Amino acid sequence: MIAALVLAVGGGSIFGYLLTFDIPEVRHLQDWKPAVVTTLYSADGQILYQFGAEKRIVVALEQVPKEFVEALVATEDSHFYEHVGIDPWGIARAVVMDIIHFRKAQGGSTITQQLARSLFLKSEKTMRRKLQEMVLALQIEKAFTKDEILAFYCNQVYMGHGRYGIEAAAQFYFGKPAKGMALEEAALLAGLVQRPESFSPLRSPDLAKTRRNHVLNRMVEEGKIAREAADAAIAKPVVVAKLPDEDNIAPYFVEEVRRYLESKYGAVALYQEGLEVHTTLDPALQRAANQAVFDGLRVVDKRQGFRPLKQNVLTDASVDLATFKHPAWGKPPLAGKLRFGLVTEVAQKNATIRLGDYTAKIGPEAIDWTRKSSLKQVFKPGDLAPFLVLAVDEPKKELRVKLDQEPLVEGALLSIDPPTGEIKALVGGYDFNRSEFDRAVQSNRQAGSAFKPFVYAAALDAGSTLADSIFDEPTVFVDPATGDEYQPNNYYRKYYGSTTLRQAMEESRNIVAVKLLNQTGYRRTIDLARNMGISSPLRPYPSMALGTMEVSLIDLTTAYSVFPNQGVRVEPHFIRYVADREGKMREEAKAKVTEALRADVAYVMTYLLEGVTESGTGSAASQALNRVVAGKTGTTDDLADAWFVGFSPSLVAGVWVGFDQKKTLGEGETGAHAALPIWIDFMKKALADRPNEKFTKPANVVYLPIDRRTGLRATVESNCPSPFLEAFVEGTEPAQGCSEAEHFRISLPYYLQRFSVTSDLELQVDADSLVKIVSEGQGEVELLDGGKELVVHGAAATGSAPDGAADLHVRLDLSRGERHQAIASLGNPPDPQATPTPAPTPGGTPGPGGADGATHFGVDGRPANTIPIKPD
């Protein structure tokens, strides 16, 4: 008996030792302080952000509303004031529920156990940790009063979105201190404790409301509030402040850094060990990026139309317009910021708006973008709406405001320093609080024509020049192995014939780009794009030239940084170095450097992209900035993605605009219209204090005057109407001079440009070709003067006719016999006034001529040329 007792005591002692040897003493809780924060610094050495203490505001229990404590106890631990740290009834209930559900359905942990776990234990789910949790809870209850335990808990508990403790949560979600919360707000926060990210009212308002109502019902069951009070609170909508975190100027940038640090060093090091992280971010550029995206997306959104206001406080009969307070009114109105305003009075031509202690009188000019003639068509008393604050009269508490609306469209902007690869500014969306998804880094979208520079760079690298010409005409590309066909079209559905590579890039001609890709080689182009920084999948198919493969903004911007950096790609990065709290270096940026492109080709490409911003689709850039810049627009076929990526000699920036769910931005919302204005606004501020730099030209690049349209050498004799100083890698300059005949040929409709022109400006064409031209013209082309002249009706519309003339008359260099043959074949020429036969849609209709027995047509109704896809 004695031996058994000794054995039991000894075994119990050993078990107790093994259970408690590595747990801390709870008396240290009285010296509790938040963990040491990790600090992020911007490139200029200023504090950018801190992970930890700044998101926890420690308050005394007296500053925590009674409603929150009662809601917390009713929901998390209804026997809190009766138990001594552990709740046997709660544990038993949890075990029963686990058995019923055949899974771990309930936790059974008291508030004291939750505090012990969060302060002293790891997050592992083991029986030993659960027993340690119980031991610690008993010790805490022995050492501290219930109110002290609640005070610790209310300051320690995680409440979502990086906020710890009741005070930080109240200010984040409602824009007010905890002691100012209403019953429904206190219940909502108490409900967050169980699963703060899942029940977040910002991410899941419906789930948050359901959870809040459960808490209110539990308070009734526990006798803390009356049924009537609970029902009144349940009837309230979930309203959160949705205040932008203005102290964090770069939330998407910070989140990218946070993800990297946590993945490399772990959560403990990130949130408790006080890392010193020096980043690449330029605060001035970041603020410029924020403002450009903020303004630009709202402009795009307004073009899509006014959306009727949906929130009216008078749906709640108890609301008084004179005393109503919106959570966002906790921050004063600032010029240039959006703030919610309450409509208190409305007439046809004026309305009164209240924003906290401030008022604003508005007229029709405040709603001009809505295209409504009366303010009563937009507002009614009680409406809550976002207003842009234009001016603040602080002494009079008066504002000048204009109606706004939160855009549904999203966007992103990324800026990189080309020589170093340092990311200087990043905006991943309109509002980080609305969506933490980083569209600059995490999203892949079709690039449209913004991908074309890789095709052109590969062609130049293979020996082509910007003066080379490719024929722009209806074209079908056929895969000889499968018979699959692909027929691209130009954006404006026109064809231009002989087109230089420069002209094709500046005016974003699609057919030329696809032909150039097919000519240069798919593998060569893909390899080049890879070397320049494109990491997403690329398929060797003709449509790749038009950007149908998806890319990320960070990849595209990185790749463009190769052009001003003389062909060198520097891996983009967010961090310069990381040190621990003692200053010991943990890591230092050593960006990978790759020679992605020959320096001469990079310069010629830069010179080409300068043309896009001077006279092409991006011409608004040079006009607005009045300095040397280069870049390219991008637009997808369905107008779902709009891009502009451009650069100065020292800074590159990319902009994307679109919806998260792919749908059209609307008619005319191209890269030039939707994305380029954002890029311009950013670069205006970013380059304001920089000199007007020039791109560095390699020694083996030379300039030569050429004719812009023909690509031939411009001479004094040729009298070129549009001479241009083109850049060439030395030894690739064109030798052939331009001429009046070439000027004339290039001015003809594309289907006539394949024929030679004599010095007398007569078209050299044989009878069979002439018959084909007239027959396929569907009344547009007519043979006159006994077969000596060809007339193209309506040529003025395409710019082919002389100034002031509606039609184009072309003399023919044709023998008498050929003229008679052509006239006989044609019979009576078609009536030019007759209605032309409708052109088949691109893709063609069944019939002879195509690779699969189908005849394909261009959008002008003329048969398309068929080209085999060239295998690598």
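These legends describe close-up views of helix contacts and a cavity in a predicted model. Residues are numbered from 1 along each chain as its sequence is written, and side-chain values use heavy atoms, with hydrogens and water left out. Local features need pLDDT of at least 70, and side-chain atom pairs count only at pLDDT 80 or more, while totals for chains, interfaces and linings use all residues.

**View 1. Helix 14 crosses helix 19.** The axes of helix 14 (residues 452-461) and helix 19 (residues 599-615) come within 10 Å and cross at roughly 135°. Helices are DSSP runs (H or I, at least four residues), numbered from the N terminus. Axes are lines fitted to C-alpha atoms over the stretch in contact, with angles from 0 to 180 degrees between N-to-C directions. Helix 14 contributes Pro 453, Tyr 456, Ala 457, Leu 460 and Asp 461 to the contact. From helix 19 come Val 601, Val 604, Met 605, Leu 608 and Leu 609. Contact means heavy atoms within 4.5 Å. By class, this contact has nine nonpolar, no polar and one charged residues (nonpolar: Ala, Val, Leu, Ile, Met, Phe, Trp, Tyr, Cys and Pro; charged: Asp, Glu, Lys and Arg; polar: the others, Gly among them).

**View 2. Helix 14 also meets helix 17.** Here the axes of helix 14 and helix 17 (residues 522-532) come within 9 Å and cross at roughly 110°. That makes helix 14 roughly perpendicular to helix 17. The contact joins Phe 454, Val 455, Ala 457, Ala 458 and Asp 461 of helix 14 to Arg 524, Thr 525, Leu 528, Ala 529 and Met 532 of helix 17. Seven of these residues are nonpolar, one is polar and two are charged.

**View 3. Helix 2 crosses helix 8.** The axes of helix 2 (residues 66-76) and helix 8 (residues 183-192) come within 8 Å, crossing at roughly 40°. That makes helix 2 oblique to helix 8. The crossing of helix 2 and helix 8 is right-handed. Glu 67, Phe 68, Ala 71 and Leu 72 of helix 2 touch Leu 183, Ala 186, Ala 187, Leu 189 and Ala 190 of helix 8. The residues divide into eight nonpolar, no polar and one charged.

**View 4. The largest cavity has a lining with no charged residues.** On a 1 Å grid over the protein atoms alone, a cavity is a set of points where a 1.4 Å probe fits but cannot get out; lining residues have an atom within 4 Å of a point. About 70 Å³ of space lies in the largest cavity. Its lining includes Phe 563, Tyr 603 and Phe 695.

Methods: On a 1 Å grid over the protein atoms alone, a cavity is a set of points where a 1.4 Å probe fits but cannot get out, and a pocket is an open set with protein on both sides within 12 Å along at least five of seven lines; lining residues have an atom within 4 Å of a point. Grid points are joined across faces, edges and corners, and a volume is the space filled by probe spheres set on the points. Helices (H or I, at least four residues) and strands (E, at least two) are DSSP runs, numbered from the N terminus. Angles under 35 degrees count as roughly parallel, over 145 as roughly antiparallel, 65 to 115 as roughly perpendicular and the rest as oblique. A crossing is left-handed if the near helix is turned anticlockwise from the far one by less than a right angle, and right-handed if clockwise.
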